[in-house]
Amino acid sequence: MSFEVAVNRLANARSLAIITGAGISAESGIPTFRGKDGLWRNYRAEDLATPEAFERSPKTVWEWYEMRREICAKAKPNEAHLSIADMENHFDDFLLITQNVDGLHTRAGSKKVLEIHGNIWKARCMKCKNVFEVKDVPLKENPVKCQCGSIARPHIVWFGEKYEPGILEKAIDFLSKTDFLIVVGTSGMVTTPIYLAQTADEAGAYIVDVNIEPSLITGLADFFLQGKAGSALPHLWNKSKEIRK
Ligand code: OAD
Ligand code: ZN
């Protein structure tokens, strides 16, 4: 299948779904999880983003997030985030599903977005479960505390944890009706996007995978758009937009 077919299908699509992973923010300067800069003090994400790691050392886990929060605070949305925010204005049926916690999609202007892994600027009390914003970089105190005095954790879905009730159902509901899906910058090592893309595939959606290298999604895709998200995605969208009625 060629690029032109993908352009035409997108131009004529009625409903558009997008799934994004860490690769879309790489050009904004945020390291991916499984790339060469994915390690921190020799820890892998899988060693830090778990309830067990937090139980062992809340301070270490918060330090890792503090480092990542600093990077996110300095980062700006790139052309790929901006293209997605623009797409939303051209489709009545639109949903963006992101695994990213960096908040760059909303900063780019996206509104119909499900942050399925949470948000790095929010914390949740371990005791009263209160969810609140923590914007300080660096942190005022580590570990972060809730108003009630108890320790709080990052409001993020960690390995081995359940998703927020209802959130995947919303994604699946949309994907089982959509006719076009673009997956951007995800490895599929966390398998949720594969499952979500399968749902769209079974519903007959046309699927484009945008990545610098083949991912675990590529096999499901009708078209593999190989390249950097910040240039490949705007290229696809601008061509489609020209012919979209
Ligand atoms: P990964 O780090 O596993 O994968 C990033 C993907 O982006 C890879 O397939 C890269 O080839 C691709 N990539 C890198 N630079 C790119 C660019 N400029 N343009 C396009 N693609 C590029 O990240 P995710 O798949 O998002 O979970 O990881 C999934 C989850 O695992 C994350 O949400 C995180 C992590 O543990 C939590 O934080 C809960
Ligand atoms: Zn509390």
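From which domains does the lining of the second largest pocket draw at least three residues each? That lining draws at least three residues from each of domain 1 (3–28 + 77–117 + 163–244) and domain 2 (35–74 + 124–156), with domain bounds that come from an automatic or database domain assignment.

The model is predicted, so that local features need pLDDT of at least 70 and side-chain atom pairs count only at pLDDT 80 or more, whereas totals for chains, interfaces and linings use all residues. Residues are numbered from 1 along each chain as its sequence is written, chains are lettered from A and ligands numbered from 1 in the order in which they are written, and side-chain values use heavy atoms, with hydrogens and water left out.

**View 1. The surroundings of ligand 1.** Ligand 1 is surrounded by 22 residues (a residue is near a molecule if one of its heavy atoms lies within 4 Å of it), and the closest are Arg34, Val157, Thr186, Ser187 and Asn211. This shell divides into eight nonpolar, ten polar and four charged residues.

**View 2. Polar contacts of ligand 1.** A polar contact is a pair of N or O atoms within 3.5 Å. An oxygen atom of ligand 1 lies 2.8 Å from a backbone N or O atom of Ala22, and a polar side-chain atom of Asn211 lies 2.7 Å from an oxygen atom of the ligand. An N or O atom in the side chain of Glu27 is 3.0 Å from a nitrogen atom of ligand 1. Of the 800 Å² of accessible area that ligand 1 has on its own, the protein covers 94% (Shrake-Rupley method, 1.4 Å probe).

**View 3. The second largest pocket.** This pocket has a volume of about 210 Å³, the space filled by probe spheres set on the grid points. A pocket is an open set of points on a 1 Å grid where a 1.4 Å probe fits, with protein on both sides within 12 Å along at least five of seven lines, and lining residues have an atom within 4 Å of a point. Of the 14 lining residues, Arg124, His155, Val157, Lys162 and Glu164 lie nearest the centre of the pocket. Strand β6 gives the most to the lining, with three residues (strands are DSSP runs of E, at least two residues, numbered from the N terminus).

**View 4. Backbone features in two loops.** Most peptide bonds are trans. In the loop between β5 and β6 lies Pro138, which is joined to Val137 by a cis peptide bond with omega of about -5°.

Terms used: Polar contact = N/O pair within 3.5 Å; in protein donor to acceptor, adjacent residues only side chain to side chain. Nonpolar A, V, L, I, M, F, W, Y, C, P; charged D, E, K, R; others polar. Helix = DSSP H or I, 4+ residues; strand = E, 2+ residues; numbered from the N terminus.
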